[in-house]
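Student: I would like to learn how to read pockets in a protein model. Where do I start?

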Amino acid sequence: MKIPFNKPFLIGKELQYIQEAVDSGKISGDGIFTKKCHRFFEENYGFRKVMLTTSCTDALEMAALLIDVQAGDEIIIPSYTFVSTANAFVLRGAKIIFCDSNTLNPNMDANQLEPLITSRTKAIVPVHYAGIACDMESIMQLATKYNLFVVEDAAQSIDSYYENKILGSIGHLSAFSFHETKNIISGEGGMLAINDEQFFCRAEIIREKGTNRSQYFRGEVDKYGWVDIGSSFLPSELTSAFLYAQLENLKIIQSKRLKIWNRYWDNLHEKAIQLGVLLPSIPKYASCNAHMFYLVCKDIEQRTGLIEHLKANNILAVFHYQSLHKSTFYSSKHDGRELPNCDRYSDCLLRLPLYYDLSLNEVDQISDIILNYLDKYERLS
Ligand SMILES: Cc1ncc(COP(=O)(O)O)c(C=O)c1O
């Protein structure tokens with residue numbers, strides 16, 4: 001492909017820091033670079049406590065352990081999301097209750113949440129799709145009213161806000177991703193942000209295989225042992241070194257991605273709307289972190305045709321999630337409610353190339369090809 005969907009990139013001292021980590025004699029977890037990354041997030045975004053993990057999936061699994069999900073507990077999530085949002089809780093025996101998406105964007109529709117809450121509900125897991133905030137005020141109000149945990153799936157949400165609050169700082173716990181398709185990358189990688197103090201101590205233990213090894217390394221106990229359940233959730237210093245070099249350049253990365261996002265918007269929005277194609281809808285309370293630029297086509301035929309047309313022009317655009325309530329694994333466990341907005345995004349949403357090295361000239365080329373196709377589609381239908 002001349003223009004791929006995504007391209008990993010180096011922006012600063014990634015390779016130098018990896019070399020430094022090797023030279024320091026420690027490349028297992030929780031060394032200098034992991035600590036630098038933790039400090040970066042705590043100082044720049046005011047998260048109370050953060051812990052790097054090997055993926056967002058791992059951070060979600062840690063969250064499920066921390067809120068002590070038991071067999072039969074119900075967890076409310078959007079159906080339009082990545083499997084990890086569900087799997088992390090299903091692994092603990094939870095039943096997943098799916099909430100439909102908004103009409104104007106794929107985030108969970110907070111107005112539909114209350115009837116889904118029962119005496120078994122343990123948590124709500126809002127996913128900030130494309131880095132655009134969910135209606136956190138309504139979600140937190142319900143959580144308080146029914147005494148529920150909120151775990152933000154902030155996989156795509158680095159550097160994005162709900163009003164003046166950074167995403168990931170609002171729920172009790174939050175999970176971020178640094179997978180190579182995200183704004184800030186480390187190949188695979190993730191982070192748990194802990195906003196509720198009651199979880200600080202246990203999170204450290206769960207992340208270190210259920211041992212109090214971190215306390216031992218800090219000299220707080222004279223030997224360490226098995227004190228709880230847990231797993232190996234901490235990344236190696238090689239991952240953290242790469243990540244720290246990216247974090248040092250976060251402002252530059254974000255500014256470039258926003259230019260790309262705005263160029264797509266300027267090129268496409270008037271014509272797309274005339275032709276009945278939706279673009280990202282950002283509510284007043286949300287900011288844009290330029291994680292993703294997508295179109296919502298009129299129907300699946302239009303989307304399939306557009307994907308083919310872009311491919312014929314050596315451009316890779318890709319659809320996203322398949323509705324989890326209709327998945328092979330979970331459809332028989334779903335309560336049968338129709339989730340029409342979720343299905344529409346599954347059939348019609350198309351993600352366009354967006355990566356640090358994409359030039360504005362390439363964005364213009366992609367936009368022209370899309371508009372030509374949409375025009376022709378309209379004339380022929
Ligand atoms: C909403 C959402 N949650 C969780 C994940 C899992 O992230 P990771 O690949 O870091 O485990 C993804 C992956 O893209 C995602 O889109």
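Tutor: Start with a definition: helices and strands are DSSP runs, numbered from the N terminus. Keep in mind that this model is predicted.

Student: Which elements each supply at least two residues of the lining of the second largest pocket?

Tutor: They are helix H2 (32-45), strand E1 (49-53), helix H6 (200-207) and helix H7 (213-217). H2 gives the most, with five residues.

Student: What is the volume of the second largest pocket, and by class, what residues are in its lining?

Tutor: Its volume is about 510 Å³. Of the 22 lining residues, those closest to the centre include Asp-30, Arg-207 and Arg-218. The lining has 12 charged, six polar and four nonpolar residues.

Student: How is empty space found in general?

Tutor: A probe the size of a water molecule is rolled over the atoms, and this shows where space is left empty. Here, the largest pocket holds about 640 Å³ of space. Among the 35 residues lining that pocket, Phe-82, Thr-181, Lys-182, His-320 and Tyr-321 are the closest to its centre.

Student: Where is the ligand?

Tutor: The ligand takes up the space of the largest pocket. Around the ligand are 14 residues, of which five are nonpolar, seven polar and two charged.

Student: Which atoms lie 2.8 Å from an oxygen atom of the ligand?

Tutor: One is a polar side-chain atom of Lys-182, and another is a polar side-chain atom of Tyr-321. On its own the ligand has 390 Å² of accessible area, and the protein covers 92% of that area. A polar backbone atom of Cys-56 is 2.9 Å from a ligand oxygen.

How values were computed:
Residues numbered from 1 in each chain as written. Predicted model: local features only at pLDDT ≥ 70, side-chain atom pairs only at ≥ 80, totals over all residues. Heavy atoms only, no water. Near = heavy atom within 4 Å. Polar contact = N/O pair within 3.5 Å; in protein donor to acceptor, adjacent residues only side chain to side chain. Areas by Shrake-Rupley, 256 points an atom, 1.4 Å probe, with all protein chains shown as cover. 1 Å grid on protein atoms, 1.4 Å probe; cavity = no way out; pocket = protein on both sides within 12 Å on 5 of 7 lines; lining within 4 Å. Sits in = over half its atoms within 2 Å of the grid points. Nonpolar A, V, L, I, M, F, W, Y, C, P; charged D, E, K, R; others polar. Points joined across faces, edges and corners; volume = space filled by probe spheres on them. Helix = DSSP H or I, 4+ residues; strand = E, 2+ residues; numbered from the N terminus.
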